[in-house]
Structures are given as structure tokens and as C-alpha cells.
Amino acid sequence: METTLDQLQKNQKATIITFDDAVIPLKLIEMGCIQGNEVTLLEIAPLGDPLFLSINDTKLAIRKDMAKNITVEINHL
């Protein structure tokens, strides 16, 4: 099932399908936000923004408005 990264639930894993190159900064791509990589939503800030993620063992925080531009497929066990 495809969705966007901002729709994941805590501890849910997904695989990055695609993203908007014009919106996603190069630094985020360099840290592993590329097609085919697995992403896990680790935490959500108390007010809902930012999101704390693990992408291929790299931990990072991104804003929800940026996460809306990353399409993922939820991994099912």
C-alpha cells in the first residue's frame, strides 16, 4: 500500500518509492533518502512536527510538510 511518509505510525516501516526532487534538499538525499531504502518512523514530536526517522541506520528529523513529498510503500511482516 502506497502512502506518504507523514502518514506512517510510530515504529512503522516502509520503503521509499519516490520523492519530489525539487522539494527534498540534497543533504537529505545524501543521508539516505533515496528510492529503495527502508525508513522507520521512530518518534513524533509532541505537537506532531517534526518526525524522527531512521533511514538505513541514519537517524534524522524532518518536517511534516517535507515528509508529504516522499512516497513510501508500507512494509508488512
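Is Thr3 buried or exposed? Thr3 is buried, with a relative accessible area of 17%, where buried means under 20%, exposed over 50% and partly exposed in between, for a 1.4 Å probe and protein chains only. The model is predicted: local features need pLDDT of at least 70 and side-chain atom pairs count only at pLDDT 80 or more, whereas totals for chains, interfaces and linings use all residues. Residues are numbered from 1 along each chain as its sequence is written, and side-chain values use heavy atoms, without hydrogens and water.

**Confidence**
- The chain has a mean pLDDT (the predictor's confidence in each residue, from 0 to 100) of 90, and 99% of its residues reach 70 or more.

**Surroundings of Thr3**
- Thr3 lies in strand β1 (residues 2-4).
- Leaving aside residues up to four places away in sequence, Thr3 touches (heavy atoms within 4.5 Å) Ile70, Thr71, Val72 and Ile74.

- Strands β4 (residues 51-55) and β5 (residues 58-62) pair (at least two bridges found by DSSP) in the antiparallel sense over five bridges.
- Leu51 has Ile62 as its bridge partner in β5.
- Two residues separate the strands of this hairpin, in which Asn56 takes a positive phi near 50 degrees.

**Contacts of Leu53**
- Not counting residues up to four places away in sequence, Leu53 touches residues including Leu5, Val39 and Ile62.

Terms used:
Helix = DSSP H or I, 4+ residues; strand = E, 2+ residues; numbered from the N terminus.
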